[in-house]
Amino acid sequence: NKVIMTNRIYNMDCLEGLRRMPDNSVDLILTDPPYFFDTKKGKGTGIVKDSKYLKEIEYMCNGFNLRILDECMRVLRGNAFFFCSKEQIPMYIEYFADTGMNVQVLTWSKTDVPPLCNGKYLSDTEYIIYAYRADSADKYPLITDHFITKRVRADRKDPLYHPCKKPIEILSTLIQSASKEGDVVLDMFSGSASTAVSCIETGRKFIGFELMEKYYNVGNKRIALALSEHPEYDLASMPLVAAKDTVFSDDNAMFN
């Protein structure tokens, strides 16, 4: 079996990648899974009126396989943040309640929201599910439960373009709230690698999975840029270690 290494993103299905990871090997999950929107029947308006854009984001708007959450709970030894839509909140609360995790709903209010899917205006608020273990509430007190920022502008002519970037300042704040330097942070839906960039800025190790090759390539470019801005960052790549300190072989570590 090919081993998942730290400080890399992988161009592969995250469910396959998660299944290659040992139990209790990740300190924090910070990810932005696909939301539930209807992009198939309508046309966008305003800046997203072209059908090419709607087709591009469609795969991000139709939810995800919940077996991924089962694998997340297997590999996770710490806490988790999931960006989500309002419609997904009950699902997350029910799921994490069944696993014994506590749940807090954080909010991100955007000051400049355009219409996006099916010609309808979206709420100016997105939500972040914070799932944490009871014994970590005092160890990792949240800095804030509400963020107010502009959205990240998405210029399709930008060589680092991705339609759903999250603000680095929010990601870095969440990472610093719920982990310590040197911890391993996992993002199963890496996109343009914003979580990895935030890990580089905050001194954490990262692992990312991204299914679309063009965004995987964008992510690697953003990581290279972040590394050039943070020469102090230790990019050493190591095989994941389970909670029982089981060391895994480094055979065939390099793969896409």
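The buried residues of α6 pack against β2, α5 (168-178), β7, β8 and α7. Here buried means under 20% relative accessible area, with over 50% exposed and partly exposed in between (1.4 Å probe, protein chains only), and contact means heavy atoms within 4.5 Å. Helices (H or I, at least four residues) and strands (E, at least two) are DSSP runs, numbered from the N terminus. This is a predicted model, in which local features need pLDDT of at least 70 and side-chain atom pairs count only at pLDDT 80 or more, while totals for chains, interfaces and linings use all residues. Residues are numbered from 1 along each chain as its sequence is written, and side-chain values use heavy atoms, without hydrogens and water.

Eight of the nine residues of α6 are buried, so this helix is largely enclosed by the rest of the structure. The buried set consists of Ser194, Thr195, Ala196, Val197, Ser198, Cys199, Ile200 and Thr202. After α6 comes Gly203, which has a positive phi, near 75 degrees.

One partner of α6 can be followed residue by residue. Helix α6 covers residues 194-202 and helix α7 covers residues 213-229. The two pack at an angle of about 15 degrees, and their axes are 9 Å apart. Axes are lines fitted to C-alpha atoms, for helices over the stretch in contact, and angles run from 0 to 180 degrees between N-to-C directions. α6 and α7 are therefore roughly parallel to each other; angles under 35 degrees count as roughly parallel, over 145 as roughly antiparallel, 65 to 115 as roughly perpendicular and the rest as oblique. On the α6 side, Ser194, Ala196, Val197 and Ile200 meet Arg222, Ile223, Ala226 and Leu227 of α7.

A second pair of helices is α3 and α4, whose axes lie 12 Å apart at an angle of about 40 degrees. These two helices are therefore oblique to each other. Leu69, Asp70 and Met73 of α3 make the contact with Met91, Tyr92, Tyr95, Phe96 and Thr99 of α4.

Both α3 and α4 also belong to the story of the cores. A nonpolar core is a set of buried Ala, Val, Leu, Ile, Met, Phe, Trp, Tyr and Cys residues joined through side-chain atoms within 4.5 Å. The largest has 35 residues, of which Met21, Leu186 and Met188 touch the most other members. At least two residues of this core come from each of α1 (14-19), β2 (26-31), α3 (67-75), β3 (76-84), α4 (89-99), β5 (125-132), β7 (184-187) and β8 (205-209). α3 gives the most to this core, with five residues. Leaving aside residues up to four places away in sequence, Leu186 touches Leu18, Met21, Val26, Leu28, Ile29, Leu30, Val75, Ile207 and Phe209.

Two single residues complete the tour. Ser177 sits in helix α5, and at 4% relative accessibility this residue counts as buried. Ser177 touches Tyr140, Pro141, Leu142 and Ile143, not counting residues up to four places away in sequence. Between Ser177 and Leu142 there are 35 residues of separation in sequence, but 5.2 Å in space, C-alpha to C-alpha.

Thr125 belongs to strand β5. With a relative accessibility of 18%, Thr125 also counts as buried. Beyond residues up to four places away in sequence, Thr125 touches Thr107, Trp108 and Ser109.
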